[in-house]
Amino acid sequence: MAISSVKLRMLYIMKILLEKTDGEHTMSAADIGKALGALGMSADRKTIYSDIETLRESGLDILQSKGMGGGYHIGSREFELPELKLLVDAVQASRFITSKKSEELIRKLEHLTSEHEARQLQRHVFIYDRPKAGNETIYYNVDQIHTAILLDRQITFQYVQWTVREGLVPKKGGALYQISPWALTWDDGNYYLIGYDETPGLIKHYRVDKMRKTQVAREERVGKEGFQDFDLAAFVKKTFSMYGGRDEEVTLLCKNEIAGVVKDRFGRETLLVPADAEHFRVHVSVAVSRQFFGWVTGIGKGMRIAGPEHVKSAYREYLREILEGYMLRDDEM
């Protein structure tokens, strides 16, 4: 048999084992021989044993079960089934990935395990029913942003917003934004660009799925000094729903039963200081915004802003405006 045919046969055996076997499904040498026959190749048992040993020596984890119903199967893989389920969850949960692209990515993930275990991934997909992006502009945007970061260049783009009558329309009359991109982050199912806007001299963030006509600019990036000690995790932690606001050190007075809520939001390292038998205080850095106030309101009586006074005053004004709105008739709004 020609050398090329030997190599091809071993590749087929590897493919058969990867696709057909796992910890619960094995194949005997006879089974492998039949599968090779279906592909137009032939091999006796001795040859199959030899090829399997060669594949083992090359690093493929092929295990053998003895006794009745025994056979060969793939042991460890690059990704284990629980890891693939986590990846499927992430793809399905992310709103910035379209339904079409989600299906394509999940199909590719299925090829990283056996066809038997892949069925578990297929069933896993239908648990979710979440809003997804409607177009694939985001993939082009991400590519342009990464290219700009690699080349140390700025980017230009239009930024769109939803309107009642016209749908998505460009902000600022379609004028181009020019930003120095420094990072990408994923928060609450959306993808965000973190960059430096030279005109006001501020770090800003933008939803990548709302960017249009994104291009790499000729100008070099600026704002490096602001990102030398930039902590992306801290930025996301203090920014509620990625809405910007003035950074403040805020003290919250909380009931003991919401300790987990506070730790989940601000991190496990957050220090909780007992205030009395039923409450604790926590000092956190937040970007004070209406979204932060909304988060506090959603928790209800279990949390109160204890300081500083101007933040408490702004929160009271936020609540007053909401209450006044409910005191109006619908035709007065």
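This is a predicted model: local features need pLDDT of at least 70, side-chain atom pairs count only at pLDDT 80 or more; totals for chains, interfaces and linings use all residues.
## The four-stranded sheet

Four strands make up an open sheet, in the order β10-β11-β9-β12, and their pairing is antiparallel. Strands β10 (273–274) and β12 (303–307) are at the edges, where each has a single partner strand, so one side of each lacks a neighbour in the sheet. Strands of a sheet pair through backbone hydrogen bonds, and the pairing can be parallel or antiparallel.

Strand β9 (residues 246–255) runs antiparallel to strand β11 (residues 279–288), and ten bridges join them. One example is Glu249, whose bridge partner in β11 is Ser285.

## An edge strand residue

Strand β12 contains Arg304. Is this residue buried, partly exposed or exposed? Arg304 has a relative accessibility of 46%, so Arg304 counts as partly exposed; the partly exposed range lies between under 20% for buried and over 50% for exposed.

Setting aside neighbours within four places in sequence, Arg304 is in contact with Thr251, Leu252 and Leu253. Arg304 and Cys254 are 50 residues apart in sequence, while their C-alpha atoms are 6.4 Å apart in space.

## Two helices across the sheet

Helix α11 (residues 290–299) lies across β9, β11 and β12, and runs at about 130 degrees to β12. Helix α12 (residues 309–327) also lies across β9, β11 and β12, at about 135 degrees to β12.

## Aromatic rings

A pair of aromatic rings is described by the distance of the centres and the angle of the planes. The structure holds 13 aromatic pairs. One of them is formed by Phe266 and Trp295, an edge-to-face pair with 5.6 Å from centre to centre and 85 degrees between the planes. This pair links distant parts of the chain, because Phe266 is in helix α10 (residues 259–266) and Trp295 is in helix α11, 29 residues apart. Phe266 has 3% relative accessibility and so counts as buried. Trp295 is buried too, with a relative accessible area of 19%, where the cut-off for buried is under 20%.

In a further pair, the ring centres of Phe293 and Tyr315 are 5.2 Å apart and the planes are at 50 degrees, so this pair is tilted. Phe293 belongs to helix α11 and Tyr315 to helix α12, 22 residues apart, and the pair links distant parts of the chain. Both residues, Phe293 and Tyr315, are buried. Which residues form one aromatic cluster? The members are Phe266, Phe292, Phe293, Trp295, Tyr315 and Tyr318.

## Nonpolar cores

The largest nonpolar core has 24 residues, and Phe157, Leu193, Tyr206, Val208 and Met211 have the most contacts inside it. Two or more residues of this core come from each of α4 (81–93), α5 (99–110), α7 (137–151), β3 (153–163), β5 (177–187) and β6 (190–197). Apart from this core lies another, of 20 residues, among them Ile258, Val284, Trp295 and Ile305.

Not counting residues up to four places away in sequence, Leu193 touches several residues, including Ile145, Ile155, Phe157, Pro181, Tyr206, Val208 and Met211.

## Charges over rings

Two contacts of a charge with a ring are described here. The charged end of Lys172 sits over the ring of Tyr177, at 4.4 Å from the ring centre. The charged end of Arg221 sits over the ring of Trp182, at 3.7 Å from the ring centre.

Conventions
Residues are numbered from 1 along each chain as its sequence is written. Side-chain values use heavy atoms; hydrogens and water are left out. Two strands pair if DSSP finds at least two bridges between them. Contact means heavy atoms within 4.5 Å. Axes are lines fitted to C-alpha atoms, for helices over the stretch in contact, and angles run from 0 to 180 degrees between N-to-C directions. A nonpolar core is a set of buried Ala, Val, Leu, Ile, Met, Phe, Trp, Tyr and Cys residues joined through side-chain atoms within 4.5 Å. Buried means under 20% relative accessible area, exposed over 50%, partly exposed in between (1.4 Å probe, protein chains only). Rings of Phe, Tyr and Trp (its six-membered ring) pair if their centres lie within 6.5 Å; planes under 30 degrees apart count as stacked, over 60 as edge-to-face and the rest as tilted. A charge sits over a ring if NZ of Lys or CZ of Arg is within 6 Å of the ring centre and within 35 degrees of the ring normal.
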